[in-house]
Structure formats: C-alpha cells, structure tokens
Amino acid sequence: MTNPSTDFIPFARPSIGTDEEAAVLRVLRSGWLTTATEAAELEREFAAAAGAAHAVAVNSATAGLHLALEALGIGPGDRVAMSPYTFTATAEVVRYLGGEPLFVDIDPETLNISPTALRSTLQRASASGSRVRAVIAVHIAGLRCNMRAVTSAAQEYGAAVVEDSAHCVPRSYSGTHPRPGTDGAEVAPAHSETAGADRGCVSVFSFYATKPVTSGEGGMVVTDRTDLARRMRVMRLHGIDRDVWNRYRAEGATWEYDVVAPGYKYNLADLQAAIARVQLHKAERMRRRRAEIAQTYRTAFAALPGLLLPAAGEPTEEPAGENGCSDHGHHLYIIRLREGALKISRDEFIDRLTEFGIGTSVHYRPLHLMSYYRDRYGLQPDDFPVSWQAYQGAVSLPIYDAMTSAQTERVTEAVTTLYHRHAAAGQD
Ligand SMILES: Cc1ncc(COP(=O)(O)O)c(C=O)c1O
C-alpha cells in the first residue's frame, strides 16, 4: 500500500547518474572550472544535434533570449510579439532592452501562439504605423509551433523570429526555420557584418533543473547566422573580443584583449557544460520514455470527457495544419479541466492530487494577469480569452524519465478516481 507522504511523486525530477558524477569530477580535477573545453565541446555537439551552424553556450535560457534580441538590434520602444502563455523570461528580456512585449493569444488546441492571431496583430500594428520588430515563438511543452505559418507572417511584416525552445530537446526540433531560411531578413541586425549572407533563425534552449536537458542552470542559443553568433559570443562575456580560455590557457595565450561593448556575464561554466554533455547524449532516450508516459496518460484519460488532453504532436517536421504543430519534446503534460466538468475547482483538484501524493504544477498563469504586465499595459483577463481560459483549467502532471511504471499508474489512478468522485452530472 502506498503512503502519499513517504511515496510522494514529485512534479519533476532530473535523471542524474554516475556519468554526470564522473563528468563533474573530471572538470574538478582538471584545474580549470569555468568556460573552456567542455563548453566548446558541448557547443559542437549541440549544434550537430540541432542541425544548426552555430551554438553559443550561456548560463540560462533567459540570458540566451536577451543575447538573441540584443544581437538582432532590438532596442528602446521596439515591439516584440509573443503569446502571454509562457514564463515571464520570454517577455522580461524585451524589457531589459527597453522594448515592449506585444501579446498575441494562443491556439486552443496546442497552447502555442496562434498564427492567425499573430497575423492580425502584425497587420494591425502595421496599419497603425508601428512595426513589430520580432516575434518570439514559444514551443509549449516541447510541442513545436507551426513555424511555417509563424515565419511567413513575421516575414511578411518584416519581423525577425526567435524561438523559445526552453521546453525542447534539440532532436525533437531542427533548430532552424523550415528551409529555405525565412528569418525576417528585413530587420537589419544592428551589429551585422554579414547581414543576409547566412539566413536562419535564433533558437534558445534551457538547461534549467526541470528541463529535458539539464545542468542545474544553463542554456544554449543556436543559429545559422554567423553574424548573430559572433555578436552573442562577444556579449555573453563582458563585450570582450575573445574568450577567457584563450586569454589564459590556450597555446599562444596572451593577457591582451579589447572591450568592444558593455557586455554581460552570461558564459556557461565547464562544470555545468560537462553535465549537459552527458544529458544531451541521453536526451533522445529520455524523450522517448516521456512519449511513452504521455501515451499511457492519453489512453487512461480518453474515457474522461471532462478532461481536455494535450495535443499529441506528430512525429514529423511537417506542420499539421494552419494552427497545427509538429514534433514533440514531451516536456510537460498539461491536462485541462473543462469548464463545469467537475464539481470542484482546478485548485481543489490540485489539492486532492497532493493528498494522493502526486506533485503537480500549473503552466501557465498568463503574463497579462501578472501585475507588472497587467498594470503597465492596462490589460484585462479576457483581452486574451484563450490563454485566460486555458489557465483556469490547466494542471501539469508529472512526466519524466525517472518515473517508474508504478508511479505513472498511480498518477492515472489518482486522476481517474478524483474525476469520478467529483464529476458533474453527465460527465461520467
Ligand atoms: C518557456 C520558457 N522560456 C524561458 C525560460 C527560462 O529558462 P531559464 O531558467 O534557463 O532562464 C523558461 C524556464 O522555465 C521557460 O519555461
């Protein structure tokens, strides 16, 4: 018999084994702890996995998003479109640069930005004479946005596209726009030396503690654009024209360097890069295990009409339709309680799951409900009705490689039991 307090199933748990331990020891014993060869190797391996020309290792996805927008030349007053159904990092980086996030509602099925709503927002902005400089497309739960539709809208209105791939593994996602490159090339990168010569988007991954590839904290930016990669490399380390490893340790090292801009301190330490390398190696196997768990949930919950199950995603790079998505990292499993389906609220449902020993979370309380964005832009909950409604029913269930089949079963049993116990009339 399970005891919910001692057998609690956490919402998230990384798979860390002896390989990660050995990797950390290797760095600890190497005599050099911060950015050097491990980070360089990780960049090489990640670029290959993502199918991108360049990978720039950073200490968080937030840092990566900031660097990407900076390299694209986003500055004071510039508008950047995104859905409010995301973590605050996606929007806050726009504010770092003095720009303004412009929210666009989501597709009710995928929870990703609605390409139709994006097109009308870009159209409206353009008609009122205020161009939107960039779009950030968040792949919620690792389910890839319909990038063909997003980039074609962005390109039509001269906006660059940055992908927030914090929930993705590089295999489940190509790391580039559908080819041929559709990077919104009308936006002249402020720091470009080879603008237009090498097209492609920027995509930012997270190595945060709960993410599909983790090093505790960390991130990676991938791009096909040499000019953007170069700018991001300089800006991630104080605006110094070459990295610290080259200054101190590499052959021909010299103390001399120049500062070409007031950069940031966003480099990824070798201690973390070494862990991320092991995780990257395991990423596809872990993704498959999560896909299996998603399939178990889907089968178990198919008989519960009051639950809205997440879009499955197709094992293909081709978009599934106008608002469709393709491919899936299965980072989150977000069920939604249909309005009126249960006699208890979403919050009570979560409390009951906790009593059953099941950890959960909510993705996301949309940004237009957060006081900073709400007050700054005078937003109301139903300004983005699909996001608002999705939030009200959303419950994220545990889904990770380290979950056992017995744990998965306990989750399906708990959800099913609670559902039947609290179903409103006609929902059984
Ligand atoms: C959608 C999304 N974007 C960006 C981030 C920021 O990632 P990091 O913690 O690596 O900065 C997160 C992290 O939770 C996220 O979920």
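Helices (H or I, at least four residues) and strands (E, at least two) are taken here as DSSP runs, numbered from the N terminus. The structure is a predicted model, in which local features need pLDDT of at least 70 and side-chain atom pairs count only at pLDDT 80 or more, while totals for chains, interfaces and linings use all residues. Residues are numbered from 1 along each chain as its sequence is written, and side-chain values use heavy atoms, with hydrogens and water left out.

Two local features of the backbone fall in loops. Histidine 363 and tyrosine 364 are joined by a cis peptide bond, with omega at about 0 degrees, and tyrosine 364 belongs to the loop between α10 (346–355) and α11 (371–377). Leucine 111, a residue other than glycine, has a positive phi near 70 degrees and is placed in the loop between β3 (100–103) and α5 (115–127).

Helix packing was described with axes as lines fitted to C-alpha atoms, for helices over the stretch in contact, and with angles running from 0 to 180 degrees between N-to-C directions. Helix α2 (residues 37–50) packs against helix α9 (residues 270–301) at an angle of about 30 degrees, their axes lying 8 Å apart. This angle makes α2 roughly parallel to α9, a term that covers angles under 35 degrees, whereas those over 145 count as roughly antiparallel, 65 to 115 as roughly perpendicular and the rest as oblique.

Grid points are joined across faces, edges and corners, and a volume is the space filled by probe spheres set on the points.

The largest pocket has a volume of about 670 Å³. Its lining comprises 38 residues, of which Ser206, Tyr208, Thr210, Lys211 and His331 are the closest to its centre, and the elements giving two or more residues to this lining are α3 (61–71), α4 (89–96) and α9. Because domain 1 (18–273) and domain 2 (283–422) both contribute residues to the lining, the largest pocket lies between them; the domain bounds come from an automatic or database domain assignment.

Three cavities of 30 Å³ or more were counted. The largest cavity has a volume of about 90 Å³, and its lining draws at least three residues from each of domain 1 (18–273) and domain 2 (283–422). Leu111 is one of the residues that line the largest cavity, which also include Glu109, Thr110, His328 and Arg336. The second largest cavity holds about 50 Å³ of space, and its lining includes Ala294, Arg298, His330 and Tyr333.

Key:
1 Å grid on protein atoms, 1.4 Å probe; cavity = no way out; pocket = protein on both sides within 12 Å on 5 of 7 lines; lining within 4 Å.
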